[in-house]
Every structure is written in structure tokens, then in C-alpha cells.
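Hi everyone, thanks for coming along.

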Amino acid sequence: MIRVFDWLELLVKKFYLWCKSNKSIHKMNISTALETRSESKCELCSATNDLTEHTVPPKNSDKPEDQIVVCSTCLAQIEETSPIDTNHFRCLNESMWSTVPAVQVQSYRLLKKLESEGWAQDALGMMYLDDATLEWAQAGGDAKVLHKDSNGNILENGDTVTLIQDLNVKGSSLTAKRGVAVRRIRLDPNNAEYIEGKVDGQHIVILTKFVKKQ
Ligand SMILES: [Zn+2]
């Protein structure tokens with residue numbers, strides 16, 4: 001009986017040492033500045049194991065201000081190698097209040113992905129990002145390019161818009177008249193200011209500031 005206990009004790013000790021060494025290996029992946037800032041916790045969900053640095057795109061430096069400390073569970077979902085787990089990301093309700101812009105940006109993007117959930121939508125509504133941080137959050141990553149009409153309404157592919165002034169169509173004698181409806185518009189995926197549509201049978205590019213959603 002005693003022998004069994006000895007053996008068990010040894011096993012527990014070994015396991016403890018293994019955990020300890022593992023932890024120090026993980027810590028070595030993280031710069032001292034990040035380790036201090038994050039208190040060696042995932043900056044999204046506060047997990048303490050399997051931590052790594054993650055640069056929040058489109059930033060590509062290894063400066064601490066461009067990086068967050070994340071656990072492997074969060075990282076897999078950020079990089080979409082694992083399906084998103086809504087319950088896991090309830091943690092965003094706390095991380096969104098971080099004072100670190102990189103953590104705010106990552107929280108914002110994940111909340112955007114979860115926007116169909118009421119709680120995520122509420123969180124986004126409460127979230128405040130300064131201009132530079134919001135620009136970062138909306139740049140690259142998977143945030144969409146948002147097209148807005150002259151009133152700030154969001155436009156979608158297939159919408160019908162009305163021209164709010166006469167427009168001379170470049171490279172033709174056509175004038176697209178104020179009040180003309182343009183049906184089934186297409187959004188330029190790379191430029192939030194451009195949409196495309198047909199006026200008088202002619203395919204034209206229109207600036208979003210000259211249209212109004214119907
Ligand atoms: Zn995490």
C-alpha cells in the first residue's frame with residue numbers, strides 16, 4: 001500500500017514539474033513587456049496556459065502595442081482554424097473594456113463576427129473606440145468595407161438608389177439626372193466610395209455621396 005502511495009506521489013510531483021517547465025516554455029514566447037501587461041493571462045479570456053503573442057493585422061510588427069497575448073483556444077478561433085464558440089467569447093464583455101488598443105481591436109472584430117447574438121450587439125453598442133483604433137479595427141482583418149449613402153445609410157449589393165444631383169458621366173455625353181433610380185447596384189469591394197449600376201442602359205460608376213438609398 002505504501003509503495004503505491006509513493007509511486008502516486010512521485011507521479012504527482014513529476015506532473016507538477018512538467019507543468020511548471022511547460023509554463024516557463026510558454027512564457028519564453030512572450031516578450032517581457034507583454035508578459036507584464038497581460039499578467040501572463042490571455043488578454044481575451046484570462047486563460048493562463050498555452051499563451052502566445054498575436055499581432056493584430058494589418059499591423060505586422062512585433063511591437064507590444066501591435067500585439068495581444070492570447071491562449072491557443074482564442075487564437076484558433078481568431079485565425080478560423082476552429083469554429084467560433086459563442087459561449088467562449090462571452091469573455092469579450094470584459095476584454096472590450098481593456099485600455100490596450102490592440103485588445104480593443106481584437107474584441108471589436110470578434111464581437112462583429114458574433115453580431116447575430118443579442119449580447120454581442122449590445123456590447124458593440126456600448127463599446128467606445130477612438131478614431132485611430134476604430135480605423136485599425138475596420139482595416140484589414142475580416143471587417144467589411146462599408147458603403148454609405150449621402151445620409152449615412154448602409155448600402156448593400158442589389159439595393160436601389162436615387163441620384164441626388166445631375167451627374168456628368170465621364171467619357172460620355174450622358175448626364176445622369178437627379179432623381180433617377182439606379183436598380184440593383186453593385187458595391188466596389190475595395191473602395192467604400194464607389195458603387196456601380198446602370199443608367200440609361202449604360203454601366204456607370206457612381207460616388208456614394210451622390211446617392212440616396214430607396
Ligand atoms: Zn483566450
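**A patch, a zinc site and some salt bridges**

Let's start on the surface, where W7, L8 and L11 make up a nonpolar patch with about 310 Å² of accessible area together. A patch takes residues with over 30% relative accessible area and no salt bridge, joining like charges within 9 Å and nonpolar side chains (Val, Leu, Ile, Met, Phe, Trp, Tyr) within 5 Å. Accessible areas come from the Shrake-Rupley method with a 1.4 Å probe, and for residues only the protein chains shown count as cover. L11 sits in helix α1, residues 2–28, and is partly exposed at 45% relative accessible area. For that scale, buried is under 20%, exposed is over 50%, and partly exposed is in between (1.4 Å probe, protein chains only).

A quick word on ground rules. This is a predicted model, so local features need pLDDT of at least 70 and side-chain atom pairs pLDDT 80 or more, while totals for chains, interfaces and linings use all residues. Numbering runs from 1 along each chain as its sequence is written, and side-chain values use heavy atoms, leaving out hydrogens and water.

Now the overall picture. The protein has seven helices and ten strands; these are DSSP runs, numbered from the N terminus, with helices being H or I of at least four residues and strands E of at least two. Of the 214 residues, 33% are buried. The protein exposes about 13,600 Å², with carbon and sulfur atoms supplying 51% of that.

On to the metal. Which residues coordinate the zinc ion? They are C42, C45, C71 and C74, each through SG, at 2.3 Å. Donors here are N, O and S atoms within 2.8 Å of the metal (3.2 Å for Na, K and Ca); water is not among the atoms, so sites may look incomplete. The arrangement is tetrahedral because the four donor atoms subtend angles of 103 to 117°; for four donors, that label requires all angles to lie between 85 and 135 degrees. Along the chain, the donor spacing reads C-x2-C-x25-C-x2-C. C45 is in the loop between α2 (32–38) and β1 (51–55) and C71 is in strand β2 (residues 67–71), so this pair ties together parts 26 residues apart in sequence. C71 is buried, at 3% relative accessible area.

K41 lies in that loop between α2 and β1 too, and is partly exposed at 33%. Leaving aside neighbours within four places in sequence, K41 contacts S46, A47, T48, L51 and V69, where contact means heavy atoms within 4.5 Å.

What about charge pairs? The whole structure has five salt bridges, each a side-chain nitrogen of Lys or Arg within 4 Å of a carboxyl oxygen of Asp or Glu. One of them joins E80 and K113, at 2.9 Å from N to O. That pair links distant parts of the chain, with E80 in the loop between α3 (72–78) and α4 (92–95) and K113 in helix α5 (residues 101–113), 33 residues apart. E80 is exposed at 53%, whereas K113 is partly exposed at 30%.

Last stop: is A123 buried or exposed? A123 is buried, with 0% relative accessibility, and its place is in helix α6, residues 118–126. Not counting residues up to four places away in sequence, A123 touches N93, M96 and L111.

Definitions and conventions:
Tetrahedral: all angles 85-135°; square planar, octahedral: opposite > 155°, others 65-115°.
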